[in-house]
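Please look through the sequence and the 3D structure below before reading on.

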Amino acid sequence: MPAGEGPTGGRLAGKVIVVAGGGGIGDELARRYAAEGASLVLGDLNAGAARKLADEIVAFGGTAVGVALDGAEDESVRAAVDLAVSRFGGLDGFHANFASFKDGESGLDVLGLPLDAYDEVMRVNARGFVLCTRHAVPAMLSRGGGSIVYTTSGAAFIGEPVRVAYSMSKVAVHALMRHVAKRFGREGIRANAIAPGVIAHARFNAVIPPEMAREFAARTVVGRLGTPADIAAMGALLMSDEGSFITGQVLSVDGGDSMRQ
Ligand SMILES: NC(=O)c1ccc[n+]([C@@H]2O[C@H](COP(=O)([O-])OP(=O)(O)OC[C@H]3O[C@@H](n4cnc5c(N)ncnc54)[C@H](O)[C@@H]3O)[C@@H](O)[C@H]2O)c1
């Protein structure tokens with residue numbers, strides 16, 4: 001939560017949101033949603049990090065609980081949604097944000113990609129988001145609707161010489177998102193995907209050399225890298241009632257990187 005910004009009377013006041021997956025972007029999503037007044041369940045494989053962030057949010061006067069979550073495990077997702085309902089009275093928003101980057105680690109193309117890396121990326125990024133949807137939608141329906149936001153990637157649009165499973169998994173989520181938007185739209189549920197461009201945060205800075213980061217920045221129309229706050233700003237709009245006419249969309253937040261030339 002930005003220093004000095006209290007969680008009173010924001011656009012998300014009274015809403016209950018699960019953020020599935022913290023980390024560089026997810027932590028900022030949580031801070032922003034809390035700053036806008038939402039009550040949060042934050043889940044991450046790294047339970048300690050999720051609890052620490054929840055404590056930080058509570059210290060700023062927000063409402064959050066951090067839990068262990070494996071978004072690729074059915075019972076774990078169910079427990080996070082159940083907790084949101086039992087602790088805060090219902091579910092209005094679900095942000096599926098976690099990802100496996102396992103095939104990127106291999107640096108290999110489709111010919112050499114180990115199939116266990118392919119399976120893991122699809123299991124977490126595609127199947128996991130299906131599980132999130134299957135638990136979030138019924139809880140939202142019982143409340144009269146809600147907003148699901150999926151974090152995907154600009155990698156879904158461009159051919160890359162590596163991490164083909166990652167790109168495939170993000171394309172799959174776009175199809176899932178459109179299905180949810182179409183199937184449940186009349187019942188009050190909106191679904192959208194945010195496709196970030198290159199977003200710099202601690203993990204990114206640890207693995208990307210500065211000269212490569214400068215190249216990424218130069219490639220954008222605006223001439224800079226993205227920040228987690230850029231993604232959180234879009235997430236807050238999509239979670240809020242101000243976003244009530246936005247559904248079935250992939251919103252690129254990428255400094256113009258994906259603009260059609
Ligand atoms: N950073 C970027 O440049 C960028 C660009 C495009 C898309 N994205 C997308 O943004 C999202 C967040 O990425 P990030 O850069 O913040 O990564 P990150 O590694 O900082 O955070 C990912 C978080 O997900 C958690 N996680 C992994 N598997 C999980 C699971 N099965 N269940 C629950 N939590 C799990 C990790 O513990 C970690 O905290 C991802 O969906 C990623 O594909 C990021």
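This is a predicted model: local features need pLDDT of at least 70, side-chain atom pairs count only at pLDDT 80 or more; totals for chains, interfaces and linings use all residues.

Is Asn125 buried or exposed? Asn125 counts as buried because 29 C-beta neighbours lie inside 10 Å, and the cut-off for a buried residue is 20 or more. Leaving aside neighbours within four places in sequence, Asn125 is in contact with Ala99, Ser100, Ser169 and Lys170. Thr151 is 26 residues from Asn125 along the chain, and the C-alpha atoms of the two are separated by 9.8 Å.

Gly128 also has its place in helix H5. Gly128 has 26 other C-beta atoms within 10 Å and is therefore buried. Its contacts, apart from neighbours within four places in sequence, are Gly71, Ala72, Phe98 and Arg123. Between the C-alpha atoms of Gly128 and Met168, which are 40 residues apart along the chain, the separation is 14 Å.

**Helix H6 and what it packs against**

Helix H6 covers residues 164-184, 21 residues in total. From its first C-alpha to its last it reaches 30 Å, close to the 30 Å expected at 1.5 Å a residue. Among the buried residues of H6 are Ser169 and Lys170, both of which are contacts of Asn125. Others include Val173, Leu176, Met177, Val180 and Phe184. An α-helix has 3.6 residues a turn, so residues three or four places apart point the same way. The buried residues of H6 pack against helix H4 (102-106), H5, strand S5 (146-151) and strand S6 (189-196).

Why is S5 described as largely enclosed by the rest of the structure? The reason is that 6 of the 6 residues of S5 are buried. In a regular strand the side chains alternate between the two faces of the sheet. Both faces of S5 are covered: Gly146, Ile148 and Tyr150 are buried on one side, and Ser147, Val149 and Thr151 are buried on the other.

S5 also pairs with other strands. Strand S4 (residues 93-96) runs parallel to S5 and is joined to it by 4 bridges; His95 has Val149 in S5 as its bridge partner. S5 and S6 likewise run parallel, joined by 6 bridges, and the bridge partner of Ser147 in S6 is Arg190.

In soluble globular proteins, nonpolar side chains tend to be buried together. Here the largest nonpolar core has 72 residues, of which Val18, Ala30, Tyr33 and Leu40 touch the most other members. H5 gives the most to this core, with 10 residues. Which residues does Leu40 touch, not counting those up to four places away in sequence? They are Ile17, Val19, Ala30, Tyr33, Ala34, Ile57, Thr63 and Ala64.

Technical notes
Residues are numbered from 1 along each chain as its sequence is written. A residue is buried if 20 or more other C-beta atoms lie within 10 Å of its own, exposed if 12 or fewer, and partly exposed in between; C-beta atoms are placed from the backbone. Two residues are in contact if their C-beta atoms, placed from the backbone, lie within 7 Å. Helices (H or I, at least four residues) and strands (E, at least two) are DSSP runs, numbered from the N terminus. The expected span of a helix is 1.5 Å times one less than its number of residues. A nonpolar core is a set of buried Ala, Val, Leu, Ile, Met, Phe, Trp, Tyr and Cys residues joined through C-beta atoms within 7 Å. Two strands pair if DSSP finds at least two bridges between them.
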